[in-house]
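I am opening this page to keep track of what I look up, beginning with the whole chain and then going residue by residue.

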Amino acid sequence: MSKPTISVTLTTNPKPRPDEKKLVFGKYYSDHMFIMDYDAGQGWHDPRVVPYQNISLDPAAKVFHYGQTIFEGLKAYRTNDNRIVLFRPDQNWDRLNRSNDRLSIPAVDPEVAMEALRTLIKVDHEWVPSEPGTSLYIRPFVIATEPQLGVAPSTKYMFMILLCPVGAYYAEGLNPVPIHVESEYVRAVKGGVGNAKTGGNYAASLKAQEGASELGYSQVLWLDGVHRKYIEEVGSMNVFFKVNGTVITPALNGSILDGITRKSVLQLLRSWDVPVEERQISIDELVEAHRNGTLEEAFGTGTAAVISPVGALHYNNEKLVINNNKTGDLSSRVYDTITGIQSAVLPDPFGWVLEV
Ligand SMILES: *Cc1c(COP(=O)(O)O)cnc(C)c1O
């Protein structure tokens, strides 16, 4: 399809920009946002960049009652030579539409989404921070807006994109986090919505997250919903284990999220000739590897933190400390390489980086 015409209405009241040294995740939003509406029979229409503002919805809008909503998350970086680059945005539009499909939401044309994002970032380019480790977090999302309490797919939607400058995830370098292995609650089951990026998965995760916090653990490691035995993912990250030199991550099985950082880490490791396996891995296998000294490293992967080393696993009242609660060499190398490629400090051999 031809490039859409995106209208732009500039704010007359720009906000003061936050101190780049004191950015907090998800707290500050840029001056503008993108909105596009969908109506059955008309399709997606009126793509526009407007001043950041409240939206008004009928209280019967379906999103409030039945959770018909999906989202994405990606980042833009300012390079040393003052360009703005995105990391694999095509992958986000692809996944957005897979989530849309699962939630019976009409697809968004990836070219329209990409042009919307470019236009919005150009308008708010001053909001892309330049301090080391900072970036612009991008939140595309879709909500069902039809005011109708019947359980059926909505006939009206809004697609929006918000921008927020975010700080370095690790103020003092990579820090391992302790993780609680959850054996009461489950996150998702095969056939459910675990592989869609949808709000309900997060709402369902809060209870376990609270319990883990009370025990002093910062995240939950989810086990599969049927056997409570196989590793799924960590909080909002995919998870990797280095066991006896081989890196193992759970295979995409329909209930875990197909992370773009996960995919990139796998590609990178394979390019380094590090043995990798995508397969089912049980908690018992990890406990055994810990016992015999072959559980060498563990880390989570996701857009927000990129790499989050796991310092300990808490399972069945036992605490398995990994690599003396230190960041492993491979975790560091993966982190440095991916963040280096993302900010265009390192060459981009895989063609992952796209200039805005
Ligand atoms: C977004 C997300 C991830 C990580 O995906 P990335 O594309 O790497 O950011 C992992 N798990 C869940 C549940 C997620 O929502």
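The entries below go from overall figures to single residues.

**Entry 1: the whole chain**

I noted before anything else that this is a predicted model, and I read every value below as computed from it. I then looked up the secondary structure and found eight helices and 18 strands in the protein.

For the overall dimensions, I found that the C-alpha trace spans about 60 × 50 × 40 Å along its principal axes. I also wanted to know how the radius of gyration stands against that of a compact globule. With 356 residues, such a globule would have a radius near 21 Å, and since the protein has 21 Å, the two agree.

Turning to burial, I found that 53% of the 356 residues count as buried, and that the accessible surface comes to about 16100 Å², with 48% of this belonging to carbon and sulfur atoms. I looked at the contacts between residues at least 6 apart in sequence, and 70% of these join residues at least 24 apart. As for charge, I noted 34 positive and 41 negative charges, whose mean positions are 1 Å apart.

**Entry 2: Asn92**

I went to Asn92 next and placed it in helix H2, which runs over residues 89–102. Is Asn92 buried or exposed? Its relative accessibility is 1%, and because the cut-off for buried is under 20%, Asn92 counts as buried.

I then asked which groups the side chain of Asn92 reaches, and found two. The side chain of Glu72 makes a polar contact with that of Asn92 at 2.8 Å, and the backbone oxygen of Gly73 is reached by the Asn92 side chain at 3.1 Å.

**Entry 3: Ser343**

I located Ser343 in the loop that lies between helix H8 (329–342) and strand S18 (353–355). Its relative accessible area is 18%, and as buried means under 20%, Ser343 is classed as buried.

The side chain of Ser343 reaches back to the backbone oxygen of Thr339 at 2.8 Å. Leaving out neighbours within four places in sequence, I found Ser343 in contact with Tyr77 and Thr79. I also looked up a separation across the model: Ser343 and Gly211 are 132 residues apart along the chain, and their C-alpha atoms are separated by 36 Å.

**Entry 4: Ser218**

I found Ser218 in the loop between helix H5 (206–214) and strand S10 (219–223). At 33% relative accessibility, Ser218 counts as partly exposed. Apart from residues up to four places away in sequence, Ser218 touches Val177, Pro178 and Gln209.

**Entry 5: Thr11**

I placed Thr11 in the loop between strand S1 (7–8) and strand S2 (32–39), and found it partly exposed, with a relative accessible area of 22%. Which backbone atom does the side chain of Thr11 reach? I found that it is the backbone nitrogen of Asn13, at 3.0 Å.

With residues up to four places away in sequence not counted, Thr11 touches Asp31, His32 and Pro51. For a separation involving this residue I took Thr11 and Pro349, which are 338 residues apart along the chain, and whose C-alpha atoms are separated by 39 Å.

Asn317 has a positive phi of about 65°, although it is not a glycine. I found Asn317 in the loop between strand S16 (306–315) and strand S17 (318–321), where its 75% relative accessibility makes it count as exposed.

Asn325 likewise has a positive phi, near 60°, in a residue other than glycine. I placed Asn325 in the loop between S17 and H8, and its relative accessibility of 42% makes it count as partly exposed.

Key: Residues are numbered from 1 along each chain as its sequence is written. This is a predicted model: local features need pLDDT of at least 70, side-chain atom pairs count only at pLDDT 80 or more; totals for chains, interfaces and linings use all residues. Side-chain values use heavy atoms; hydrogens and water are left out. Helices (H or I, at least four residues) and strands (E, at least two) are DSSP runs, numbered from the N terminus. The radius of gyration is taken over C-alpha atoms; the globule rule is 2.2 Å times the number of residues to the power 0.38. Buried means under 20% relative accessible area, exposed over 50%, partly exposed in between (1.4 Å probe, protein chains only). Contact means heavy atoms within 4.5 Å. Accessible areas come from the Shrake-Rupley method with a 1.4 Å probe; for residues, only the protein chains shown count as cover. Lys and Arg count as positive and Asp and Glu as negative; His and the chain ends are not counted. The place of a charge is taken as NZ of Lys, CZ of Arg, CG of Asp or CD of Glu. A polar contact is a pair of N or O atoms within 3.5 Å; within protein, one must be able to donate a hydrogen and the other to accept it, and residues adjacent in sequence count only if both atoms are side-chain atoms.
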